[in-house]
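I opened the model to look up a few contacts, the sheet and the helix packing. My entries follow in the order I made them.

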Amino acid sequence: MKYRLVTLIGFVIAVTAIAVTSSRITFRYPPAVHETLAPRAASYLGVFEPGSPPAYRSIEGFAAMAGQEPNLAGYYSGWAEPFKMAFATDLHNHGLIPYVQIDPSFASVAAIGDGSQDTYLKSYADSVRDFGHAVVIGFGHEMNGTWYSW
């Protein structure tokens with residue numbers, strides 16, 4: 001009889017503890033964000049000009065013809081090429097953000113995915129970090145094309 005009473009008291013205490021604890025637990029999810037952007041003219045004007053990098057001159061020619069200074073300047077970077085710090089600095093000094101399109105022609109996507117190319121990617125990322133300004137990076141241009149392995 002004593003064993004049953006102790007078991008019953010233990011059970012009542014456990015149920016009470018669970019009830020009190022669960023009443024204090026609240027699940028808070030962040031509110032859904034629904035933001036409508038105000039319609040306006042495009043925020044960015046980008047340019048890709050042959051000869052850049054290394055030279056900024058062809059971008060100046062584009063700006064003169066367009067009547068507006070672009071704020072993004074794109075260039076292609078072959079696989080294993082270092083980040084073009086001097087060109088990025090030149091762009092930044094003219095108020096532009098570099099847009100780098102990394103072309104993985106000489107590395108397989110599988111090798112990139114399995115970490116075999118991490119040394120290069122970390123080196124590139126370190127250079128971008130050391131640059132210290134905004135950089136837009138694209139990977140594998142024309143991904144929808146069957147003419148590239150990616």
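**Entry 1: serine 77**

I listed the contacts of serine 77, leaving aside its neighbours within four places in sequence, and found Pro82, Val100, Gln101, Ile102, Asp103, Tyr120 and Tyr124. Contact here means heavy atoms within 4.5 Å. This is a predicted model, in which local features need pLDDT of at least 70 and side-chain atom pairs count only at pLDDT 80 or more, while totals for chains, interfaces and linings use all residues. Residues are numbered from 1 along each chain as its sequence is written, and side-chain values use heavy atoms, with hydrogens and water left out.

I placed serine 77 in strand 2 (residues 72-78). Strands (E, at least two residues) and helices (H or I, at least four) are DSSP runs, numbered from the N terminus. Serine 77 counts as buried because its relative accessibility is 0%. Buried means under 20% relative accessible area, exposed over 50%, and partly exposed in between (1.4 Å probe, protein chains only).

I traced an open sheet of 4 strands in the order 1-2-3-4, with parallel pairing. Two strands pair if DSSP finds at least two bridges between them. Strand 1 (46-47) and strand 4 (136-139) stand at the edges with a single partner strand each, so one side of each has no neighbour in the sheet. Strand 3 and strand 4 pair in the parallel sense over 4 bridges. I also noted that tyrosine 99 stands opposite valine 136 in strand 4.

**Entry 2: the nonpolar core**

I looked up the largest nonpolar core, which has 20 residues; Ile59, Phe83, Leu91 and Tyr124 have the most contacts inside it. Such a core is a set of buried Ala, Val, Leu, Ile, Met, Phe, Trp, Tyr and Cys residues joined through side-chain atoms within 4.5 Å. Two or more residues each come from helix 2 (57-66), strand 2, helix 3 (85-93), strand 3 (97-103) and helix 5 (118-131). Helix 5 gives the most to this core, with 4 residues.

**Entry 3: helix 5**

I found helix 5 lying across strand 2, strand 3 and strand 4, at about 155° to strand 2. Axes are lines fitted to C-alpha atoms, for helices over the stretch in contact, and angles run from 0 to 180 degrees between N-to-C directions. The buried residues of helix 5 are Tyr120, Tyr124, Val128 and Phe131. Seen down the axis of helix 5, they fall within an arc of 70°, so they line one face. The arc is that of the directions from the helix axis to the C-beta atoms. These buried residues pack against strand 2, helix 3, strand 3 and strand 4. On the other side of helix 5, Thr119, Lys122, Arg129 and Asp130 are exposed. Just after helix 5, glycine 132 takes a positive phi of about 80°.

**Entry 4: helix 3**

I listed Phe87, Ala88 and Leu91 as the buried residues of helix 3. Their arc, seen down the axis of helix 3, is within 100°, so they line one face of the helix. What covers them includes helix 2, strand 2, strand 3 and helix 5. The face turned away from the buried side carries the exposed residues Ala86 and Asn93. Leaving aside neighbours within four places in sequence, leucine 91 is in contact with Tyr56, Ile59, Ala73, Leu96 and Pro98. Glycine 95 follows helix 3 and has a positive phi, near 85°.
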